[in-house]
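Thanks, everyone. Let's go through the salt bridges in this one. Here it is on the screen.

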Amino acid sequence: MSGIAGIVRRDGRAIPQKWLSILEKSLAIRSHKPVHTYQESVECEHGDVHVVFMQHAEPHTTQNEFGATSVRVVDGLIDGEFASADWDGERLELRFSRVGNGSCPLYTLDLGEQNDGTLFASSPMPLLQIAHHMELIPEITTQAIQQFLL
């Protein structure tokens, strides 16, 4: 069993170490393999965009001719069931992909206007822990639980 997790924060504020610790621990309990982390900050006109991707293998990175980095983390096998997250450093876009019936789940927490960012993980628990840490209103947590149960 493996997993993926990450954060893209677009509001210019740093990602709290506690959030990183929660995500890393959620992956550590899924496998005895070490967790590899990719971190990057990209300067934009509205402030820095902070990107953190984690998985049990080294995240796949590529760099284009302009120096923009793209990153991919994958849980599962690309030619089988999988969940993946892709960061396009040139377009500053985060994309998710998922194929299969549930052996490679992927959960997201959109921070929306609260903190302008997105968190993702192979397990819902770290996202709920971070939502609790942020003191998000109960309706948002309830919506996240309902989404998990669907």
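**Salt bridges in the predicted model**

Start with Arg-10. Its partner is Asp-116, and the two form a salt bridge with the closest N and O atoms 3.1 Å apart. Keep in mind that this is a predicted model.

Where do Arg-10 and Asp-116 lie? Arg-10 is in the loop between β1 (4-9) and α1 (17-28). Asp-116 is in the loop between α2 (112-115) and β9 (117-121). So the pair ties together parts that are 106 residues apart in sequence.

How many salt bridges does a search of the whole structure find? Seven.

Next, Arg-13. It forms a salt bridge with Asp-11, and here the closest N and O atoms are 3.0 Å apart. Arg-13 is partly exposed, at 42% relative accessibility. Asp-11 is partly exposed too, with a relative accessible area of 24%.

Now Asp-88 and Arg-95. Their side chains meet in a salt bridge, 4.0 Å from N to O. The cut-off is within 4 Å. Asp-88 has 8% relative accessibility. Buried means under 20%, so Asp-88 counts as buried. Arg-95, at 40%, is partly exposed.

Which residues belong to the network here? Asp-88, Arg-91, Glu-93 and Arg-95 are joined into one, through salt bridges that share partners.

To recap: Arg-10 pairs with Asp-116, Arg-13 pairs with Asp-11, and Asp-88 and Arg-95 sit in a network with Arg-91 and Glu-93. Over to you.

Methods
Residues numbered from 1 in each chain as written. Predicted model: local features only at pLDDT ≥ 70, side-chain atom pairs only at ≥ 80, totals over all residues. Heavy atoms only, no water. Helix = DSSP H or I, 4+ residues; strand = E, 2+ residues; numbered from the N terminus. Buried < 20%, exposed > 50% of the residue type's maximum accessible area, 1.4 Å probe, protein only.
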